[in-house]
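Thanks for making time. I'd like to walk you through one model, from a hairpin to a core to some charged pairs.

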Amino acid sequence: MKKATAFLARDGVVLFDNPDGFLICAFKRDNALCDPGATAPRQYDCRPGCGNAVRTDTHASLLRERASEIDHLADLAPGPLGRRLRANADKLRTMADDHDTTAQPAEALT
């Protein structure tokens, strides 16, 4: 992690943990989709496709765990609500799958 921190610091990037978004925001104002004029990220306005979003393998695993929890809730919910919950769980799995297909090993950062 020290190498990654040093790498990011030289470009003026500040890391913000967003556990609710299952990601880390490597905040650069020019890339921000949450608020392009902000000097810090808006944690509750993270948007898909933001160039500042970084996920670790742990985040991907947590996304899958949350998707499983939501599936369990969907099993107990009436039809329309259950379908919406399953759609949400599918989105979380897709984010985790996207991470898996695009992730680079830590050695690639050096």
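**Hairpin, core and salt bridges**

At 22% relative accessibility, Asp 71 counts as partly exposed. Hold on to that residue; we come back to its partner. One caution before that: this is a predicted model.

Let's start with the strands. Strand 1 and strand 2 run antiparallel, joined by 5 bridges. Asp 17 stands opposite Ile 24 in strand 2. The two strands make a hairpin, with 4 residues between them.

Now look at the turn. Phe 22 sits in the loop between strand 1 (14-18) and strand 2 (23-27). Phe 22 is not a glycine, yet its phi is positive, about 55°. Most residues other than glycine have a negative phi. Is Phe 22 buried or exposed? Its relative accessible area is 17%, so Phe 22 counts as buried, the limit being under 20%.

Where does that side chain go? Phe 22 belongs to the largest nonpolar core, which has 8 residues. Helix 2 brings the largest share, 4 residues. In soluble globular proteins, nonpolar side chains tend to be buried together.

Take Leu 92 as a probe of that packing. Leaving aside neighbours within four places in sequence, Leu 92 is in contact with Leu 63, Arg 66, Ala 67 and Ile 70. Apart from this core lies another, of 5 residues, including Cys 25, Ala 32, Cys 34 and Ala 38.

On to charges. The count comes to 8 salt bridges. Which residue pairs with Asp 71? Arg 93 does, with the closest N and O atoms 2.1 Å apart. That pair links distant parts of the chain, Arg 93 in helix 3 and Asp 71 in helix 2, 22 residues apart. Arg 93 is partly exposed, at 24% relative accessibility.

Asp 97 and Arg 64 meet in a salt bridge at 2.7 Å, N to O. Asp 97 is in helix 3 and Arg 64 in helix 2, 33 residues apart. Both are partly exposed: Asp 97 at 39%, Arg 64 at 28%.

Last, a network. Salt bridges link Arg 42, Asp 45 and Arg 47. Arg 42 and Asp 45 meet at 4.0 Å, N to O. Arg 42 is partly exposed, at 45%, whereas Asp 45 is buried, at 17%.

Conventions:
Residues numbered from 1 in each chain as written. Predicted model: local features only at pLDDT ≥ 70, side-chain atom pairs only at ≥ 80, totals over all residues. Heavy atoms only, no water. Buried < 20%, exposed > 50% of the residue type's maximum accessible area, 1.4 Å probe, protein only. Core = buried A, V, L, I, M, F, W, Y, C linked by side-chain atoms within 4.5 Å. Contact = heavy atoms within 4.5 Å. Pairing = 2+ DSSP bridges. Salt bridge = Lys/Arg side-chain N within 4 Å of Asp/Glu carboxyl O.
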